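Q: I have a model open and want to learn how to read it. Where do we start?

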Amino acid sequence: KKSVDNQSWLSDPNHRDQYVLRFDLETVVNWCEPSVGPAVEYAGEREKAGGKHWCELYVQWSPRGSYLTTFHRPGIALWGG
């Protein structure tokens, strides 16, 4: 199985920050592009294709930014890599 580097975003060649926006039923992870504005990294396309929401309640980064936690009524999901 291929190993995943959960901190690969820290070595982004463009030195961009990554942030998450949560609004209504949408959750979007963006890169901060200083001269252009936000660039979408992931917006839950897989989940939307299956008729689900990527996140039901709220999101939170882990303390070191390696994982994103999405909170749902049945429990939580950890995302990384």
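A: Start with the sheet: 3 strands make an open sheet in the order E4-E5-E6, with antiparallel pairing. Strands E4 (59-61) and E6 are the edges, each pairing on one side only. Ignoring direction, neighbouring strands here are turned by 20° against each other on average. This is a predicted model, where local features need pLDDT of at least 70 and side-chain atom pairs count only at pLDDT 80 or more, while totals for chains, interfaces and linings use all residues. Residues are numbered from 1 along each chain as its sequence is written, and side-chain values use heavy atoms, leaving out hydrogens and water.

Q: What are the rules behind strands, pairing and angles?
A: Strands (E, at least two residues) and helices (H or I, at least four) are DSSP runs, numbered from the N terminus. Two strands pair if DSSP finds at least two bridges between them. For angles, axes are lines fitted to C-alpha atoms, for helices over the stretch in contact, and values run from 0 to 180 degrees between N-to-C directions.

Q: How many bridges join E4 to E5, and how many join E5 to E6?
A: Strands of a sheet pair through backbone hydrogen bonds, either parallel or antiparallel. Here, 3 bridges join E4 to E5 (residues 67-71). Val-59 stands opposite Thr-70 in E5. Between E5 and E6 there are 5 bridges, and Tyr-67 faces Gly-80 in E6. E5 and E6 form a hairpin, with 4 residues between them.

Q: Is Ile-76 buried or exposed?
A: Buried means under 20% relative accessible area, exposed means over 50%, and partly exposed lies in between (1.4 Å probe, protein chains only). Ile-76 counts as exposed because its relative accessibility is 55%. Ile-76 sits in strand E6 (residues 76-80).
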